[in-house]
Structures are given as structure tokens and as C-alpha cells.
Amino acid sequence: MTATTARTPSPGTGADEKPQRHPTRWLVLGVICLAQLTVLLDNTVLTVAIPSLTEEMGASTADIQWMINAYSLVQAGLLLTAGSAADRYGRKKLLAAGLALFGLGSLVASLSESTGQLIAARAGMGIGGALLMTTTLAVVVQVFEADERPKAIGLWGAVSSLGFAGGPIVGGALLNHFWWGSIFLINLPVAALGLLAVLKWVPESKNPSGERPDLLGALLSTIGMTGVVFAIISGPAHGWTSARVLTSALIGLVTLALFAVWEARCPYPMLDMHFFRDSRFVGAVSGGILVAFGMGGSFFLLGQHLQLVLHYDPLETGLRMTPLALVIVVLNFTGVGARLLPKIGTPAAISGGMGLLAAGLASIAILGAHGYGGMLLGLILMGVGIAISMPAMANAIMSAIPPEKAGIGAGVNGTLQETGNGLGVAVLGAVLNSRFAALVPAVAAGAGSLPEALGHARTTADRTAIEDAFASGVQASQLVGASAVLAGGIVAAVLLRRAERQAQRQAAQ
């Protein structure tokens, strides 16, 4: 049974009757979540393997950065193109292809004998990841009707948090008993199981209009997103005013502008620019970027704060960040956000959730500066806020786009997350570095990092002053993130409320 037939009323039924629901939709969702978890676990598992890779492969700092960034760069550049291809050629086909590519890339990564091979394998995994990230959400939209979709998207989103929480723990356990390649090799049985389940249970669906492929749009979007993400990734290491960063950013932004112009004139656009005239779509997009901004930046800062200021080891750091993920998982698996959404409406859900996320960031900044107790409250508030706002935003984006273009909608959603995360790390990292440089004592002036500054410390008082300067930088960054998220919630709520009023006026006419 295809997704299309699942949405069609049975012969003989009245037009006012509910459409027939896909009989195995919850099983399909389980398969989709398994595929999604494969990708998300791999991203977080790799972070705990950095010391092993440095020691066993002789990887430099630049090599490590590219092992992590090659995946993100390729995935971010291909998300829109992957979503468009899924709509045209079939979401089931490309979901299966994504799992196969991801599994093959994982095998090559586990057998790599040089850093170059591992970086290339990670880039190949990024292609599979782009296909998975777009097709999983698109399939969810196809097999669930509007009344069940928020709950399904909430469960889909909870898998992201599960991957974040489980990655460091799984990675730490594997590295305690096996060599570094085991963190990639473990993907193979999961990818194989997911591939078999997709082929057996996931229905095929695609855009029935059979539009011509927008090859120029695909090329422009890939170049543009790659350029922008490359600049974001390179900025902290090479300086925001360096020729490398400015050139990449300029190429990316100019190409994205050309992409927008082409899409507005193309008779068969990959991304219909008329979507941006919909206040509901623009509001959800704005909120999505800033939630990802706050999440990406706060995770980046929390990891450093827990390890460098509060002196926890990597596994202890991962365990102390899990309350955030567990709150999201529990609330989404129990359907709290899905039940709340129809009662309070999308604008209130997004603005309220983002307000809680901002309050959590502020609590960590103010109460968690010198101990974990205050940080725990902030993590719980952030988890509640994300669990309420993220499914509502994803549902708003997907609802504003016709079902036959669900793949490109998922591509937009994924692109927002990648861009927001990167911007969060870049901007909040810059605030941290600026504040740290301004407050660090003279003995460590010019040091570019906390470990480097501590290396210049001559006395216990110097060391304390340096750590206090770093903690103050983290605090300032968290407050900037909280302000951005709160502002995003207000903007998103205003735009979404305006869209609802326009819809009500049109319905009354």
C-alpha cells in the first residue's frame, strides 16, 4: 500500500468521513526512527574517540576537525538536493539508498589506515546522512494524518535526543574494550536491519506530478550551502576576517542569492519561493534557526564548562548532560507536546517552548557557573522547552508545504538545524573568546584557549583568575544565546499568529 492510497477514502465512503489510516504507520515510524538513530549516534560517538584517533593514527588537530566536519559539510550541502530527489524519484528508494551508503561508509571508515581515508569515508557517510535526514521526516508526513502527525514528529524528534544522550556512553563503552574502528563497525548491523525493515514495511511515495529535475537549482543550493557552512566551520580556527573564511562566505551567500533568483523564475523549482510568502512557514523557519542556534551553541559551551571549569572527564560530562536529552525523550514518548499543541495552538507552543529554552540557558549561566546543581535545573528547563517547541515547528514547516513536496520540506528543516547549530557554535564561541580575552590576567595575555592560558599560570591565584575569566565568558555566551532564543520565540509567535488570522479571514469570506 502506498502513502497515497492510505490517504484516500475507501470506495463508498462519504466525503466527510475520516480517510483510511495507514495500517502499519506506527511500525513504519519505528523503522524510520531506527534509521535516524543510526546517523545521530555516529555523530556523537565520534567525539569520545578523538583521543584514541590522535594516539593510534597520529591525527593532527586539523585532521580531527576534518574527520568531524567532512560529514557535516557534505550533509548540509546536500540536504535540499536530497529532499528534492526524494520527492521526484521516491522516498523509500532514497531512504534505502541512504542506509546502504551510510553502512558502506561506516565499513570503509572502520578499516581506514590513514586520516585521509577516514576523512573520505566520513564524507561518503555524509551523503547517506543527507538522504536519511530528509526522507525519514518526509515518510512520517506521508503515512500519518494531520491529527496524529504532531505526536509522530515528536517521537521522530525524540530520537535526536536519544542519539545525543546515548552516543558518548556507547562510544565510551566500546573504546574501553575495542579499537577505535568499533565505533563505526557497530553501525553495520543497525544499518542492515534498518535497510531490511525499510524494504519490507515502508511504503513508497513520491510527487505524482513528475516534475522535471531542477539540476541548476540542485547545483546552486549545494555550492551555496557548502560555502556558508564551510565558512562557519572554519571561522573559529582561522579567524572570521581571514581570506579563507570571507571568500567561502561570499561564494556561499552569492550562490544562495542566485539560487533564490533562479528558483523564483524556474518553471519547475526545487524550492518554491512562494513558500516564503506564508507567514506560518517564515515563522517556523525563524524559530527553527534560533532554537538550533541556542541548542548548538549551548552544547558546545556546556561540554567545555563541565570539562574545563568543573573538571569532569568526557564520560562524566556525557552523563551529566543526559538529563536534557532524557526530559525530551520522556515528554515526546509520552505524547505531552502532541496533546498540548491542539489545546494551546502552534504560536503558543513555539513561543512558550522557546521561552523555557531561554530560561534554561539563563539558569545555567547564572546558577550553574560554579557547580552542577544549578546547571541541572537549566538542563531540565531546556529539555521541556525543546520537547514542546521543536515538534511544533517541524509540524508547522511540513504543514505549510504541500504533501507531494514533503522531501524538500524535510530538507529545509534539516538545513535549518545544520545552519543554526553551526551559527550557535560560531557566534557563542566568539562571544566566549572575546570575553575570556578581555578578562584573562596579564600573565596569560594572548592565550587562545583555556589550556594554553593555564600553561602560563605561575601561582594558584593566577590559575583561579584564568578559570574565573573562562567561566565568565561561558556565562556571557549563554546569556547571549538565551536572548537570541527568546527573541526568536517572540518573532515566530507573531508571524504564526498573523498566519492564523489570515486563514480565519479567508475561511470567513
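Predicted model: local features only at pLDDT ≥ 70, side-chain atom pairs only at ≥ 80, totals over all residues.
Me: OK, so which residues does Ser106 touch?
Reply: Not counting residues up to four places away in sequence, Ser106 touches Met125, Phe184, Asn187 and Leu188.

Me: And where is Ser106, and is it buried or exposed?
Reply: Ser106 is in helix H5, residues 91-110. Ser106 is buried, with a relative accessible area of 0%.

Me: Let's zoom out. How many helices and strands does the chain have?
Reply: There are 19 helices and zero strands in the chain.

Me: What percentage of the residues count as buried?
Reply: That's 53% of the 509 residues.

Me: And what share of the contacts is between residues 24 or more positions apart?
Reply: Counting contacts in the chain with a separation of 6 or more, 81% are between residues 24 or more positions apart.

Me: Now helix packing. What are two packed helices described by?
Reply: By the angle between their axes and the distance between the axes.

Me: Then take H16 and H17. At what angle do their axes cross?
Reply: Roughly 140°, and the axes come within 9 Å. H16 covers residues 372-399 and H17 covers residues 406-439. That angle makes H16 oblique to H17.

Me: Is that crossing left-handed or right-handed?
Reply: H16 and H17 cross in a right-handed way.

Me: Which residues meet there?
Reply: From H16 you have Met390, Ala394, Ile397 and Met398. On the H17 side they meet Ala406, Gly409, Ala410, Asn413, Leu416 and Gln417. Sorted by class, the contact of H16 with H17 has seven nonpolar residues, three polar and no charged.

Me: How do the axes of H6 and H17 cross?
Reply: At roughly 130°, and they come within 8 Å. That makes H6 oblique to H17. H6 passes H17 in a right-handed crossing.

Me: Who makes that contact?
Reply: H6 brings Met133, Thr134, Leu137, Ala138, Val141 and Gln142. H17 brings Ala406, Gly407, Ala410, Gly411 and Asn413. Six of the residues in the contact of H6 with H17 are nonpolar, five are polar and none is charged.

Me: And how far apart are the axes of H17 and H19?
Reply: They are 8 Å apart, and the two helices pack at an angle of about 145°. The crossing of H17 and H19 is right-handed.

Me: Which residues make the contact?
Reply: On H17 you get Leu428, Val431, Leu432, Arg435, Phe436 and Leu439. The H19 side includes Ile466, Ala469, Phe470, Val474 and Val480. The contact of H17 with H19 divides into 11 nonpolar residues, four polar and one charged.

Me: Switching to rings. How many aromatic pairs does the structure hold?
Reply: Three. One of them is Trp26 with Phe144, which is edge-to-face, at 4.8 Å centre to centre and with 65° between the planes.

Me: Where do those two residues lie?
Reply: Trp26 lies in helix H2, residues 25-48, and Phe144 is in the loop between helix H6 (115-143) and helix H7 (149-177). The two are 118 residues apart in sequence, so the pair ties those parts together.

Me: Are they buried or exposed?
Reply: Trp26 counts as partly exposed, at 35% relative accessibility. Phe144 is buried, with a relative accessible area of 0%.

Me: What about Phe436 and Phe470, why is that pair edge-to-face?
Reply: Their ring planes are at 80°, and planes over 60 degrees apart count as edge-to-face. The ring centres are 5.7 Å apart. Phe436 is in helix H17 and Phe470 in helix H19, residues 460-508, so the pair links distant parts of the chain, 34 residues apart.

Me: Buried or exposed, those two?
Reply: Phe436 is buried, with a relative accessible area of 4%. Phe470 counts as buried at 4% relative accessibility.

Me: Last one, Ala482. Where does it lie?
Reply: Ala482 lies in helix H19, and at 8% relative accessibility Ala482 counts as buried.

Me: What is Ala482 in contact with?
Reply: Leaving aside neighbours within four places in sequence, Ala482 is in contact with Ala358, Leu361 and Ala362.

Me: And how many residues apart in sequence are Ala482 and Val291?
Reply: They are 191 residues apart in sequence, and 9.7 Å apart in space, C-alpha to C-alpha.

Key:
Residues numbered from 1 in each chain as written. Heavy atoms only, no water. Axes fitted to C-alpha atoms, helices over the stretch in contact; angles between N-to-C directions. Helix = DSSP H or I, 4+ residues; strand = E, 2+ residues; numbered from the N terminus. Parallel < 35°, antiparallel > 145°, perpendicular 65-115°, else oblique. Left-handed = near helix turned anticlockwise from the far one by under 90°. Contact = heavy atoms within 4.5 Å. Nonpolar A, V, L, I, M, F, W, Y, C, P; charged D, E, K, R; others polar. Phe/Tyr/Trp six-rings, centres within 6.5 Å; stacked < 30°, edge-to-face > 60°. Buried < 20%, exposed > 50% of the residue type's maximum accessible area, 1.4 Å probe, protein only.
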